[in-house]
Amino acid sequence: MDDNNSDSFPLTVSRGYLNGTVTSNGSAVHGAYIFTNGANTTSDTEGKYSLIISAGTYNITATRQPAYKDNTTAGIIVYPYNTTTADIVLSQRPTGTISGTITV
C-alpha cells in the first residue's frame with residue numbers, strides 16, 4: 001500500500017469588485033486614472049470606475065493631472081465575492097491668467 005498518495009486541488013483567489021465614482025465639486029471627472037496594488041482603470045464619461053481585485057485591504061489613488069490634485073484613500077476593504085463602493089473626490093488645482101508686457 002502506498003501512503004504517499006496526494007490529491008491536487010485547484011487554488012482559486014477570492015476576488016471582489018471595487019466600484020465608485022470620481023467627482024469634483026459635484027461633477028463627474030472623466031478620464032481620471034484610478035490605481036491600487038495590481039489593478040488600474042480609467043473613469044468613464046460619468047466618472048464611474050470598476051476594478052476586480054483580490055479580497056484584502058487597499059489604498060486607492062485617483063489622479064487627473066494637471067487639472068486636479070491626486071487623492072489617496074487608505075484602508076478600503078474588499079470582501080470576497082462582494083462589491084465595495086469607494087467614491088473619490090478630486091480637488092481642482094487653482095488656475096489663473098498671467099498678463100503683462102515684456103520689455104527687453
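Select S24 and L90 to begin: the side chain of S24 reaches the backbone oxygen of L90 at 2.9 Å. Keep in mind that this is a predicted model.

Stay on S24. This residue lies in strand β1, which covers residues 15–24. Is S24 buried or exposed? S24 counts as buried, because its relative accessibility is 6% and the cut-off for buried is under 20%. Now show its surroundings. Leaving aside residues up to four places away in sequence, S24 touches V29, Y68, L90, S91 and Q92.

Next, move to the sheet. Select strands β4, β3, β6 and β7, in that order. They form an open sheet of four strands, with antiparallel pairing. Which strands are at the edges? They are β4 (39–42) and β7 (71–78), each pairing on one side only. Look along the sheet for its twist, which averages 20° from one strand to the next.

Zoom in on β3, residues 33–36. Four bridges join β3 to β4, and the two run antiparallel. As background, strands of a sheet pair through backbone hydrogen bonds.

Last stop: select E46 and K48. These residues form a salt bridge, with the closest N and O atoms 3.6 Å apart. The count of salt bridges comes to one.

Key:
Residues numbered from 1 in each chain as written. Predicted model: local features only at pLDDT ≥ 70, side-chain atom pairs only at ≥ 80, totals over all residues. Heavy atoms only, no water. Buried < 20%, exposed > 50% of the residue type's maximum accessible area, 1.4 Å probe, protein only. Polar contact = N/O pair within 3.5 Å; in protein donor to acceptor, adjacent residues only side chain to side chain. Contact = heavy atoms within 4.5 Å. Salt bridge = Lys/Arg side-chain N within 4 Å of Asp/Glu carboxyl O. Pairing = 2+ DSSP bridges. Axes fitted to C-alpha atoms, helices over the stretch in contact; angles between N-to-C directions.
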